Amino acid sequence: MKYKIELLIVASVFFCLLLAQAAPAGNTMKTLYIDGVKVNETNDNTSGLTWPEPPKDRITIGAENDRWYLYNEYIGKIDDFAVYAGVLSATRIKAHYDANADYTAYKNAVQADAPLLWLRFDDASVANEAAAENSGSIGIDGNYVQTGGSPFTQVPGFNADSNALNFPDTVADAAGHCVDMWDGNGDFGEDLDGDVTVELWVNFTDIGNPLEPENDWPRFYQHGGGYGLMVSGPNELGIQGGDATNYIGFPDENDINDGQWHHIVVTYDSTYGAPNLPPAATYVEEVNKDNPVLWLRFEDTQPKDYSVADGNHWVGYGTALSIVDKVGGIGKSAYLNGPDDGAVYCAAATNNPNAPPLVSESYEVFDNNYAFAPNDITFEMWYKTLPTGQPQPGDYGIFFQQLGSDEPRAPGVSNSGGTIRVFCGSDTWYSGVSSYFDQKWHQLVVTYDEEYEGDPCSMHVQLYLDGIKKGDANFTGTGAKLGPELSHVMVGAERDIGYTWNPFRGYVDEFAIYAGILDPNRVLTHYSAWQPHNCAEMWDRGFGLAGDLNHDCKVNFADFAELALDWASCNEPNAPGQPPIPGCTPNW
């Protein structure tokens, strides 16, 4: 009987694990609560919440878009707008609503759930560009923004002891009212890992703007396309997030268009997976389709260029660089780890077929040719930081950098205190995009487009992470410079192979340079093709599922049977008079 109870306990634990693994990869569960009651939920089966980078890094209340051009404006009153990290439970949401009769009790209920953003609208100023007061935990760059001809009107809120903002009807687009906050740090977006709760009180006046009939989808709030909430019809709200807008209906008794105050909460519960784009070929085949002029695959301890030209460039490794296996990349990867200065643990390449001296202050472009490509150029690499507690990339750690005799700063990419900066000529673009030092593999792609839109003094740069464009910038003058004087490229450090600084610490794989610009579809195709293709690759690269005991990439009763068999066989691994069972320890 004792063993049966133990087996049932083991089985229960296993099935909890199975259920956890069964959650679909790449979706956002959106749940709507009105007046403390869950009225509906829907599952966006395309992806978790995504976070557009600048210029769509704002959270806007009361209109679509931001202060520079408003449309689909909200008409009515809003009070106590709050954003929380994570998904509030139904119990906590009801507790907030139930406290509405006593504003002190309501404030205590909200504060107990630690809002990041909490605009109570009780501060006195309602003028154009007046700073918004946040009662939450995050410092914000916020304003009450009024682009029309009158200030906001401060009116009584949902409770007699609170105030609210009145969003009036306006005649024309770009002349209305909104509350608009910059979120360049990702505090209300990408840093939340796709799990967000938004709460607000509304006293809604009208569906659509009688003076602007096209404003038929008023926005309560919108985070630059990342997540949002709009009215889509009588008794229907459109919840934006992931790659879809889901339209949620609710019963007549929950009508919010009745001139009364209503409490609205939306929770977003995200999971993430690789894009649902099955690759037509392997990663190696897809890269070869784009004909790289340099390709460091790190598959051999001897430095090698794997591009189509096969050895077209000299390649060197610092003596402290090592080639490692089974870290989740494709095949083997380069392991970079060392002190800040003087370490030879980087990789370098040049167009000179003869090995240059390890330490050189004046690399020369061989035969007066471009080192890698004339005009437009694309760089691609994969990187993964070391586990927490081990050395991490420095504040200015270099992903890669192409240098020359006068060491101009382009092209190249480095860390900048946890965000990515991109070098272009003598200029630098501080993108504000997270460097993603999270011990996971990430694809980094940067394109340099010379003479952008026909301007001979213009350079257009685009930054991609994990197949998605994160931002772009345009440079002129000395920031629009790529040329033969840039003799060699360094991967993982600055300067040259014998004397380096600003190191990247972690793993690097599949570093490639292309002549020309990879378009967004090719970048995404490379990202998709890099993902494991079959179950064997899943396990070989360290992506196997917990609970998949027979390694068939399914968690099912076959795994439970193997678990039970292993448990039973190891029940008494050192039974009296019996030899020990290899690999077993007592499980009681």
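The exercises below work through one predicted protein model, each with a solution in steps.

Residues are numbered from 1 along each chain as its sequence is written, and side-chain values use heavy atoms, with hydrogens and water left out. Since the model is predicted, local features need pLDDT of at least 70 and side-chain atom pairs count only at pLDDT 80 or more, while totals for chains, interfaces and linings use all residues.

**Exercise 1. The chain as a whole**

Find how many helices and strands the protein chain has, and what share of its residues count as buried.

Step 1. Helices (H or I, at least four residues) and strands (E, at least two) are DSSP runs, numbered from the N terminus. By this rule the protein chain has 7 helices and 35 strands.

Step 2. A residue is buried under 20% relative accessible area, exposed over 50%, and partly exposed in between, with a 1.4 Å probe and protein chains only. Of the 588 residues of the chain, 51% count as buried.

Step 3. The accessible surface, from the Shrake-Rupley method with a 1.4 Å probe, comes to about 24700 Å², and 53% of that belongs to carbon and sulfur atoms.

Step 4. Contact means heavy atoms within 4.5 Å. Among contacts between residues at least 6 apart in sequence, 64% join residues at least 24 apart.

**Exercise 2. The nonpolar cores**

Identify the residues that touch the most other members of the largest nonpolar core.

Step 1. A nonpolar core is a set of buried Ala, Val, Leu, Ile, Met, Phe, Trp, Tyr and Cys residues joined through side-chain atoms within 4.5 Å. In soluble globular proteins, nonpolar side chains tend to be buried together.

Step 2. The largest core holds 45 residues, and L444, Y448 and F511 touch the most other members.

Step 3. Once neighbours within four places in sequence are set aside, the contacts of F511 include L294, W295, F379, F400 and V491.

Step 4. There is also a second, separate core of 44 residues, with Y74, F152, L192 and Y227 among them.

**Exercise 3. Aromatic pairs**

Describe the ring pair F81 and Y221, and then the pair F379 and Y448.

Step 1. Rings of Phe, Tyr and Trp (its six-membered ring) pair if their centres lie within 6.5 Å; planes under 30 degrees apart count as stacked, over 60 as edge-to-face and the rest as tilted. The whole structure has 28 aromatic pairs.

Step 2. The ring centres of F81 and Y221 are 5.7 Å apart and the planes stand at 65°, so this pair is edge-to-face. Because F81 lies in strand β6 (residues 76–85) and Y221 in strand β14 (residues 219–223), the pair ties together parts that are 140 residues apart in sequence. Both F81 and Y221 are buried.

Step 3. F379 and Y448 are also an edge-to-face pair, at 6.1 Å centre to centre with 85° between the planes. F379 belongs to strand β24 (residues 377–385) and Y448 to strand β29 (residues 442–450), so here the pair ties together parts 69 residues apart in sequence. F379 is buried, with a relative accessible area of 1%, and Y448 is buried at 0%.

Step 4. One aromatic cluster is formed by Y74, F152, F167, F204 and F220.

**Exercise 4. A helix and a strand**

Step 1. The buried residues include R522, L524, H526 and W530.

Step 2. The cover over the buried residues of α5 includes α4 (283–289), β24, β29, β30 (458–465) and β35 (506–515).

Step 3. In strand β12 (residues 177–182), 5 of the 6 residues are buried.
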